[in-house]
Amino acid sequence: MRALVLALVLLATPAAVSPVVAPAWAVIDPREMLPDPEQEQRARTIGKELRCLVCQNQSIDDSNAGLAQDLRRIVRERVTAGDSNDQVIAFVTDRYGDYVRLTPPFNAATAALWVSPVLVLALGGLAVFGFYRRRQVIDAPAPLTEEERARLARLSAE
Amino acid sequence: MIPELGHFALVLALLLAAAQSILPLVGAARGEVRGALLMATGPTTAIGHAVFVATAFGCLMWSFAVSDFSVENVYQNSHSLKPMLYKITGTWGNHEGSMVLWLLILALCSAAVAAFGQNLPATLKARVLAVLGMVATGFLLFTILTSNPFNRVWPLPENGQDLNPLLQDPGLAFHPPFLYLGYVGTAVAFAFACAALIEGRVDAAWGRWVRPWTLAAWCSLTLGIGLGSWWAYYELGWGGFWFWDPVENASLMPWLLATALLHSAIVVEKREALKVWTILLALLTFSLSLLGTFLVRSGVLNSVHAFANDPERGVFILILLAITVGGSLLLFAWRAPSLEPKGIFSPISREGSLVLNNLLFATACAVVFVGTLYPLFADLMFDAKITVGPPFYNATVFPVFVPLLVAMAVGPLLPWKRADLWAALARLRLAAAIVLAFAVLYIAMVDRRLLPALGFALALWVVLAAGTDLAERIRLGRIPLRESLARARGLPRGAVGGIIAHAAIGICLAGIAGKGIAPERITLMRPGEITTVGPHTLRFDGQRDIIGPNWRGTAGVLTLLRDGEPVAILEPQRRFYPVQRMATTEAAIRTSGIADLYAVIGETSAEGATVVRLHWNPLAPWIWVGTVLMAVGGLVSLTDRRLRVGAPARRRREAAVPAAAE
């Protein structure tokens with residue numbers, strides 16, 4: 001609980017705090033690790049999905065900041081308590097909001113984000129298709145003029 | 001005195017750049033004869049402006065070299081104990097100095113166009129110089145008004161505040177110059193595009209002029225991005241090399257579009273098709289370079305790289321961005337319809353494959369663009385605070401790259417205009433069979449994870465396809481070997497460069513896939529204890545204190561054992577920079593060229609055990625070998641005869657390259 005309170009205090013002033021917190025590059029402490037390798041692996045996987053809120057764009061798995069350590073501990077507590085990966089992420093998201101998720105959820109605010117790749121590709125594909133269609137109409141070679149035919153005859157005679 | 005000289009030189013450069021952006025343009029509008037005198041001011045003002053910017057840059061570098069702490073910028077970013085290399089590279093390790101570097105490279109590029117562009121049509125040259133002058137004017141104004149590097153401080157400080165220790169590193173010292181050379185190189189392509197729109201003419205000669213600049217810019221961007229990711233790999237301490245950080249994305253976006261531009265310019269040059277699209281690409285590529293500058297300098301998006309940011313500067317750059325993008329797109333909308341389309345081709349043809357390349361690269365770029373700016377958008381529109389992190393990009397960009405990698409094998413084998421797809425595929429039979437056999441064996445015997453397997457298979461496919469392309473061109477096996485070798489020597493450099501760059505993509509991809517299967521070990525070790533990672537066994541032999549010029553630290557001693565005998569020592573360090581009060585980790589990397597053994601140490605507990613983190617990264621060095629090879633491919637292609645019609649053109653190109661060494 002102390003960890004959560006600390007984290008929330010830090011969260012309250014993210015913009016002011018973040019430039020001050022020096023980038024702390026991670027060498028995760030093995031003492032944090034869970035004894036069961038399978039559970040530990042799950043905790044690592046979940047950790048890569050959660051943002052370290054006081055860092056510059058790092059996951060909690062990559063950061064040595066105090067908050068990231070606390071969040072790693074919370075994740076491991078939930079994993080040991082038997083939560084599924086989604087439940088752990090939901091647990092953290094309920095307290096910190098969607099900002100903590102490195103994979104944004106699909107909802108009204110992010111629909112455009114998730115649809116955009118397909119949309120861009122489809123629009124681009126349509127544009128290319130239209131380009132080829134137009135070319136077919138415009139670029140059908142014009143029939144040879146009288147003069148060109150005469151030149152051709154001259155050339156092939158040579 | 002020296003800083004004042006530099007400041008004065010910047011203002012003079014601004015005046016000359018302003019003249020450069022107006023006079024030649026008026027001259028070109030009056031025509032070849034009546035405007036000749038005005039057009040002749042183009043080269044002189046461009047060269048003069050370059051001389052003054054170089055003077056200003058030299059003055060700033062001097063202030064850093066002699067540690068003149070009366071200059072605010074030096075005081076804030078340097079320290080008398082800092083090694084000389086980082087005093088000098090510290091010139092651009094800060095916002096103001098990096099702007100001066102940006103200006104210097106831009107000025108050198110426009111001077112190079114001025115000095116060595118004799119074979120350009122006079123009006124085109126005048127207009128290119130004018131557009132470059134406008135860009136320079138905007139950025140000179142920005143630098144002088146909001147980011148003056150020559151401000152003085154009073155009272156005189158005793159010593160400086162030192163450079164961010166993360167920047168005191170050879171990889172990062174030369175990362176910005178390459179990146180900027182890339183960004184600014186796209187400015188030349190942009191200027192050519194604007195000039196062509198004003199002229200209302202785009203032809204094969206235009207394509208030949210734009211391609212070397214785009215190629216040079218692309219090579220520099222490639223190297224710049226490669227250096228940045230290499231730095232992240234060895235300095236940030238957990239072995240990652242790409243984080244989809246907003247600022248990384250900002251450099252990736254112009255690279256993606258520059259790659260597309262590089263390929264579509266071939267079509268303009270060879271077939272005079274896709275002209276309107278190529279012009280648009282040139283405009284957008286530079287716009288994204290500017291956007292990159294905006295994102296980094298404004299601090300709109302918080303990121304690892306936001307070393308110096310300031311919202312007021314952001315507004316200024318945003319206005320510059322709006323004028324440049326808006327102005328050039330208006331010009332495009334107004335003039336592009338007058339460009340006559342030429343060159344017919346069917347979808348299945350070399351041109352068609354390049355269209356597909358452009359579609360996929362543009363899509364990848366758009367995805368990165370949306371992902372990078374979406375958090376800002378969601379905040380403004382829906383008041384939703386969200387993060388778009390690596391999982392999003394991995395899920396959206398990789399699927400775009402898979403068809404691209406499959407298709408890039410086929411494209412070079414297709415003839416122009418109209419092609420037989422089956423005939424091209426038939427030539428790739430052998431490559432396909434090898435890839436298939438490899439994939440089956442790999443999954444059955446080595447590793448069952450699908451993504452790395454797909455990565456390796458695609459990498460092999462791309463490399464084999466490049467080999468097939470080469471073999472086809474020299475008719476290997478179908479004519480006597482000696483004749484094949486003679487043909488290989490006679491191949492156009494452009495083709496050779498393309499083959500190298502394509503193979504390099506495969507090599508780089510293999511390295512990236514290798515990171516996907518890299519085992520790691522995080523453990524607590526007491527002196528004398530032994531651990532393993534991948535195929536290696538290491539013994540921890542304690543720590544020793546070390547002292548650097550402006551830092552102190554500890555090094556962990558890890559002895560690599562083979563059959564119980566020591567073969568090498570790895571010494572990962574933890575450093576502390578007292579002036580900036582910042583700790584950094586220095587990884588120890590032992591590379592065999594095929595795999596890296598990567599070690600980092602963490603804190604030591606009260607009981608005397610030290611946290612040791614070890615990675616064994618198979619193929620990791622290939623990521624950067626591939627990156628360098630890509631740039632080599634670009635450089636080989638630059639030496640193609642086609643791109644240096646006449647001696648002046650050759651000298652111009654060479655002038656563009658030394659700037660890389662600045």
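In the predicted model, B:Trp218 touches B:Ala258, B:Thr259, B:Leu262 and B:Gly634 when residues up to four places away in sequence are set aside. This tryptophan is found in helix 10 of chain B, which comprises residues 204–235. Because 27 C-beta neighbours lie inside 10 Å, and the threshold for burial is 20 or more, B:Trp218 counts as buried. B:Asp596, by contrast, is 378 residues apart from B:Trp218 in sequence and 28 Å apart from B:Trp218 in space, C-alpha to C-alpha.

Nonpolar packing was examined next. The largest nonpolar core has 224 residues, and those with the most contacts inside it are B:Leu106, B:Phe192, B:Leu257 and B:Val462. Helix 9 of chain B, covering residues 175–199, gives the most to this core, supplying 18 residues.

Helix 18 of chain B runs over residues 450–473, and its geometry agrees with expectation, because 24 residues at 1.5 Å a residue should span 34 Å and the end C-alpha atoms are 34 Å apart. B:Ala471 is found in this helix. B:Ala471 and B:Ala488 are 17 residues apart in sequence, and their C-alpha atoms are 9.0 Å apart in space. Helix 18 of chain B is followed by B:Arg475, whose phi is positive, near 50 degrees.

At the level of domains, chain B is divided into domain 1 (1–168), domain 2 (417–514) and domain 3 (520–621). The centres of domain 1 and domain 3 of chain B, taken over C-alpha atoms, are separated by 43 Å. The contact between these two domains takes 9 residues from domain 1 of chain B and 8 residues from domain 3 of chain B. On the side of domain 1 of chain B that touches domain 3 of chain B, 4 residues are nonpolar, 3 are polar and 2 are charged.

The contact between the chains takes 41 residues from chain B and 35 residues from chain A. On the side of chain B that touches chain A, at least two residues each are supplied by helix 14 (350–382), helix 15 (390–410), strand 1 (520–525), strand 7 (582–586), strand 9 (595–604) and strand 10 (610–618) of chain B. Helix 14 of chain B gives the most to this side, with 10 residues. By class, the side of chain B that touches chain A has 28 nonpolar, 10 polar and 3 charged residues.

Chain A averages a pLDDT of 77, and 77% of its residues score at least 70. Within chain A, confidence is lowest in helix 2 (residues 14–17), where the mean is 29, and highest in helix 5 (residues 85–96), at 92. The pLDDT is below 50 over residues 1–25 of chain A, although this stretch has 34 contacts in the model beyond near neighbours in sequence.

Terms used. Residues are numbered from 1 along each chain as its sequence is written. Chains are lettered from A and ligands numbered from 1 in the order in which they are written. This is a predicted model: local features need pLDDT of at least 70, side-chain atom pairs count only at pLDDT 80 or more; totals for chains, interfaces and linings use all residues. A nonpolar core is a set of buried Ala, Val, Leu, Ile, Met, Phe, Trp, Tyr and Cys residues joined through C-beta atoms within 7 Å. A residue is buried if 20 or more other C-beta atoms lie within 10 Å of its own, exposed if 12 or fewer, and partly exposed in between; C-beta atoms are placed from the backbone. Helices (H or I, at least four residues) and strands (E, at least two) are DSSP runs, numbered from the N terminus. Domain bounds come from an automatic or database domain assignment. Two residues are in contact if their C-beta atoms, placed from the backbone, lie within 7 Å. Ala, Val, Leu, Ile, Met, Phe, Trp, Tyr, Cys and Pro count as nonpolar, Asp, Glu, Lys and Arg as charged, and the others, Gly among them, as polar. pLDDT is the predictor's confidence in each residue, from 0 to 100. The expected span of a helix is 1.5 Å times one less than its number of residues.
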